[in-house]
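Please look over the sequence and the model below. A short report follows, with one topic under each heading.

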Amino acid sequence: MARRRNSNRRRRRGSTGFLYKLLSTLAICACLVVALTLFFRVDTIVVTGAERYSEQEILDATGIEQGDNLYLMNKNEVAGRMVTELPYLRSVRINRKLPDTLLIEVEECSTPLAVIQDGYAWLVSPGDRAGGKIKIVEQLEASAAGDYGVIDGCALLAPTVGGQLALATEYVSQQESLVALLLALESEGMLDQVDAIHLGDLSTLSMDYAGRFTVEMTYGADYGYKLRALAATLARDEIQDNMTGTFDMRRDDGRVNFIQNVR
């Protein structure tokens, strides 16, 4: 009997100890929540990496206001909203710097090319490089596309600003090569030298480059390798500044055949 009473007392003490620990933990958590709510409020927002958009445009797109709590905001939601509202943004990184600063680092899409369709110029540029996506960053009147290189011989499927490039069904075989070429051009730092990409010939993908060359490649090629070979060839002394012509890069062995235009 005495043993049973002692056992019951131990159980009660154990239950009381557990309840005390639970209440203590809840109290600490409540204090932390209150502290996070009362303190660590946004006072300063520092924006870096923006060139096309002004700092105010970036700040407006965040939806964040002075006094918002640093820790209660959802950084992924903020970044997603920014990329949606500002299509030229490729990526957004948001970091907190205690006690009151928010650091926003943006990366903008690179030089766009224009697809002219139904009286409009749809500007496209590599977006999510890791995902291999090309993003539609802007819609202009076709007459305003003179400053951009063009992509022709294809048609876009239901284009929308902020959406991904998708070619109409009949051009599906060209889409994979176009995406791969654009990503390779950006990776090699050559995109801003492209005057045009032509997809109309199903046997050869051709590109007008640097204002004086035509570059011919096959569909499905290793475009990074081809572009590095092109850059190396252009760097040699035999390609003089006054030369124009065609680089035939359709060979599987990687050799570059330059056919100079004769005036």
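What order do the three strands of the open sheet have? The order is S1-S3-S2, with mixed pairing.

## Basis of the report

This is a predicted model, in which local features need pLDDT of at least 70 and side-chain atom pairs count only at pLDDT 80 or more, while totals for chains, interfaces and linings use all residues. Residues are numbered from 1 along each chain as its sequence is written, and side-chain values use heavy atoms, leaving out hydrogens and water.

## The three-stranded sheet

Strands here are DSSP runs (E, at least two residues), and helices are DSSP runs too (H or I, at least four), numbered from the N terminus. Two strands pair if DSSP finds at least two bridges between them. Strand S1 (44-48) and strand S2 (89-97) stand at the edges. Each has a single partner strand, so one side of each is left without a neighbour in the sheet. From one strand to the next, the twist averages 20°.

S1 and strand S3 (residues 101-108) run parallel, joined by five bridges. Threonine 48 has glutamate 105 in S3 as its bridge partner. Helix H2 (residues 55-62) packs on the sheet and touches S1, S2 and S3. Its direction makes about 120° with that of S1. Contact means heavy atoms within 4.5 Å.

## Helices H4 and H5

Helix H4 (residues 172-187) packs with helix H5 (residues 223-235) at an angle of about 45°, and their axes are 9 Å apart. Axes are lines fitted to C-alpha atoms, for helices over the stretch in contact; angles run from 0 to 180 degrees between N-to-C directions. H4 and H5 are therefore oblique to each other (under 35 degrees is roughly parallel, over 145 roughly antiparallel, 65 to 115 roughly perpendicular, the rest oblique).

Which residues make the contact? H4 supplies Ser177, Ala180, Leu181, Ala184 and Leu185, and H5 supplies Tyr223, Gly224 and Leu227.

## Two buried residues

Glutamine 174 lies in helix H4. It counts as buried, at 3% relative accessibility. Buried means under 20% relative accessible area, exposed over 50%, and partly exposed in between (1.4 Å probe, protein chains only). Beyond its neighbours within four places in sequence, glutamine 174 contacts Gly153, Leu167, Leu199, Leu202 and Tyr219.

Threonine 244 sits in the loop between H5 and strand S11 (245-248). At 18% relative accessibility, threonine 244 counts as buried. Threonine 244 and valine 262 are 18 residues apart in sequence, and 8.5 Å apart in space, C-alpha to C-alpha. Leaving aside neighbours within four places in sequence, the contacts of threonine 244 include Arg212, Phe213 and Phe258.
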